[in-house]
Amino acid sequence: MILMIWIPTEELKELDEFQQLVPKMFFIYLVGTAGSGKSVLAGALENWLVSMELSTTVVNLDPGVENPPYTSDVDIREYVDYGEIMQQFGLGPNGALVASLDMGVSYTSDLREEIIGLERDYVIVDCPGQMELFAYRNSGPLIVSSLCMHDPSVSLYLLDSNIARVPTGYLSSVLLGFSIRIRFGLPQLNVISKSDILSEEKLEEILTWTEEPFVLEEAINATADGLIREYSLSILQLLEHMGSQISPIPVSGQNMAGLDILYGELQRIFLGGDNLYEMG
Ligand SMILES: Nc1nc2c(ncn2[C@@H]2O[C@H](COP(=O)(O)OP(=O)(O)OP(=O)(O)O)[C@@H](O)[C@H]2O)c(=O)[nH]1
Ligand SMILES: [Mg+2]
């Protein structure tokens, strides 16, 4: 005998709305300056999560990438043709990226549908490298918020070791990180990418810059002068004023260093155990 249970349409709707709110997936957006190692880290993080038996979807949001170092499960290139847009509208590389992302906005529900269909625990989203185009035009933040909707999400901001190894480079990278955090409005975790190129002493020094700002101040005084020094010290003061900073996590997509620590920190944010990363 088949038992039929009738649920009124109104209640079904409520149940559906409730299910929409239940976290199903954890989104990790990889953002950072061009060439900071986002794509390599996306592939490495996928491998690490899968080795821990955690199912993972990798999404490529860069319409212009040719050979990403991973096999994307969901890809914006399936919806917008960067080369074709460049040719058809006579655009240069940046203009074509802007046009591709603007067009990509109309496909976000298709991208999300694909992601949901895969039913995996983690969603790693590899974002385009031209931060000034992706983060500061409206389409980038719109794509980001439409993909994750209410699912727990983190933006993973990469400070490139090549830039962050000198005091003014570190300072300006952290400042850019705050700016990106404002644009995306997501909890953000900073990582020092390509940590394998730094000596242990250098890495230790960089980490001290966050923990003990006066050490960074001394380093700025020793390496910069004139207006650059003045600007740098003002920015340092501003960053201190902005409150508690969490030390960036050193990671290497190349040798997988730091991914276990990164995972622990991501969990703390996803499971709400630490609100230090939330927007104030
Ligand atoms: N030593 C070292 N090199 C790395 C690492 N990750 C990336 N690279 C190198 O840095 C370069 C850029 O890496 P990508 O992962 O393509 O950087 P990206 O941020 O995705 O670049 P765009 O998408 O073009 O902005 C490549 O030459 C990589 O081999 C790393 O962990 N260690
Ligand atoms: Mg990339």
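**Walking through the model**

Analyst: Ile-269 counts as buried, because 22 C-beta neighbours lie inside 10 Å and the cut-off for buried is 20 or more. Keep in mind that this is a predicted model.

User: Where does Ile-269 lie?
Analyst: Ile-269 is part of helix H13, which covers residues 259–270.

User: Zooming out, how many helices and strands does the protein have?
Analyst: The secondary structure comes to 13 helices and seven strands.

User: And what share of the residues is buried?
Analyst: Of the 280 residues in the protein, 37% are buried. As for contacts with a separation of 6 or more, 76% are between residues 24 or more positions apart.

User: New topic, the ligand. How many residues surround ligand 1, and which are the closest?
Analyst: There are 17 residues around ligand 1, and the closest are Gly-37, Ser-39, Val-40, Gly-129 and Gln-254.

User: Which helix gives the most to that shell around ligand 1?
Analyst: Helix H2, residues 38–51, with three residues.

User: How do the residues of the shell divide into nonpolar, polar and charged?
Analyst: The shell around ligand 1 has three nonpolar residues, 10 polar and four charged.

User: Back to Val-40. Buried, exposed or partly exposed?
Analyst: Val-40 counts as partly exposed, because it has 19 C-beta neighbours inside 10 Å and buried would need 20 or more. Val-40 lies in helix H2.

User: What is Val-40 in contact with, leaving aside neighbours within four places in sequence?
Analyst: Pro-69, Gly-253 and Gln-254. The C-alpha atoms of Val-40 and Gln-254 are separated by 7.1 Å, although the two residues are 214 residues apart along the chain.

User: What does Thr-56 touch, not counting residues up to four places away?
Analyst: Thr-56 touches Glu-46, Leu-49, Val-50, Arg-120, Asp-121, Tyr-122 and Ile-124. The C-alpha atoms of Thr-56 and Glu-119 are 8.9 Å apart, and 63 residues separate the two along the chain.

User: Now helix packing. At roughly what angle do the axes of H9 and H12 cross?
Analyst: The axes of H9 (residues 167–184) and H12 (residues 226–241) come within 10 Å and cross at roughly 45°. That angle makes H9 oblique to H12. The crossing is left-handed.

User: Which residues meet there, in H9 and in H12?
Analyst: From H9, Thr-168, Leu-171, Val-174 and Leu-175; from H12, Ile-228, Ser-232, Ile-235, Leu-236 and Leu-239. The residues of this contact divide into seven nonpolar, two polar and no charged.

User: And H11 with H12, at roughly what angle do the axes cross?
Analyst: Roughly 170°, and the axes of H11 (residues 213–223) and H12 also come within 10 Å. H11 is therefore roughly antiparallel to H12.

User: Which residues of H11 and H12 meet?
Analyst: Pro-213, Leu-216, Glu-217, Ile-220 and Asn-221 in H11 meet Arg-229, Ser-232, Leu-233, Leu-236 and Glu-240 in H12. The contact of H11 with H12 has five nonpolar residues, two polar and three charged.

Note on methods:
Residues are numbered from 1 along each chain as its sequence is written. Chains are lettered from A and ligands numbered from 1 in the order in which they are written. This is a predicted model: local features need pLDDT of at least 70, side-chain atom pairs count only at pLDDT 80 or more; totals for chains, interfaces and linings use all residues. A residue is near a molecule or strand if its C-beta atom, placed from the backbone, lies within 6 Å of it. Helices (H or I, at least four residues) and strands (E, at least two) are DSSP runs, numbered from the N terminus. Ala, Val, Leu, Ile, Met, Phe, Trp, Tyr, Cys and Pro count as nonpolar, Asp, Glu, Lys and Arg as charged, and the others, Gly among them, as polar. Two residues are in contact if their C-beta atoms, placed from the backbone, lie within 7 Å. Axes are lines fitted to C-alpha atoms, for helices over the stretch in contact, and angles run from 0 to 180 degrees between N-to-C directions. Angles under 35 degrees count as roughly parallel, over 145 as roughly antiparallel, 65 to 115 as roughly perpendicular and the rest as oblique. A crossing is left-handed if the near helix is turned anticlockwise from the far one by less than a right angle, and right-handed if clockwise. A residue is buried if 20 or more other C-beta atoms lie within 10 Å of its own, exposed if 12 or fewer, and partly exposed in between; C-beta atoms are placed from the backbone.
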